[in-house]
Amino acid sequence: IFVNQAPILWYSKRQNTVEASTFGSELLAMRTAVETIEGLRYKLRMLGVPLNEECAIFCDNNSVVLNVKPESSLKKKHVAVNWHRVREAIAAGTIKVTKEDTLRNLSNILTKCLNGPKLREMIGYILWCGCQNGSKC
């Protein structure tokens, strides 16, 4: 989770359930992100920080991005609770879900084996050290 373009929270956990598809896994992860964001927004409001905009959740799974839109209908009933929870947050204006290109997904740093130059470029986006311009971190 980023606040003012600075990373403040990273969450990684083995899921308690086994999903048959990446759709179910991504939707479960998105619901966890929604709950974390709502908790963080509550704490920030209690500290007097004004929150006027919705939080952006970036997802690299196109079917999840398309299926959480208000006009879509769910065809996979086993993920209904997660799907409704995410759509509730979208309708409340808490979050917005946008498509993230797989090649630019920052979570790949910890979940995929990246070559040296690509790894340095991705770290540069997080640390703002200019690594993406070819300089050393």
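Student: Which helix holds both E35 and R31?

Tutor: Welcome! E35 and R31 sit four residues apart, about one turn of the helix. Helices here are DSSP runs of H or I with at least four residues, just as strands are E runs of at least two, numbered from the N terminus. The helix that holds both residues spans 22-46 and is called α1.

Student: What kind of model is this?

Tutor: Residues are numbered from 1 along each chain as its sequence is written, and side-chain values use heavy atoms, leaving out hydrogens and water. Local features need pLDDT of at least 70 and side-chain atom pairs count only at pLDDT 80 or more, while totals for chains, interfaces and linings use all residues, as this model is predicted.

Student: How far apart are the closest N and O atoms of E35 and R31?

Tutor: A salt bridge asks for a side-chain nitrogen of Lys or Arg within 4 Å of a carboxyl oxygen of Asp or Glu. E35 and R31 form such a bridge, and their closest N and O atoms are apart by 3.4 Å.

Student: Is E35 buried, partly exposed or exposed?

Tutor: Buried means under 20% relative accessible area and exposed means over 50%, with partly exposed in between (1.4 Å probe, protein chains only). E35 has a relative accessibility of 39%, so E35 counts as partly exposed.

Student: How many salt bridges does the structure hold?

Tutor: Besides the E35 and R31 pair, there is one between K118 and E121, at 4.0 Å from N to O. Another joins E88 and R85, at 3.4 Å from N to O. The total for the structure is four.

Student: Why are E88 and R85 separated by about one helical turn?

Tutor: Both residues belong to helix α3, which covers residues 80-91. They are about one helical turn from each other because their spacing along that helix is three residues.

Student: Which residue is linked with R85 and E88 in a network of salt bridges?

Tutor: R85 and E88 meet in a salt bridge. They are also part of a network of salt bridges, and the residue linked with them there is E38.

Student: How many disulfides does the count come to?

Tutor: A disulfide is a pair of cysteine sulfur atoms within 2.5 Å. By this rule the count is zero. C55, for instance, is in no disulfide, and its nearest cysteine sulfur, that of C59, is 16 Å away. The number of disulfides is therefore, by the 2.5 Å rule, zero.
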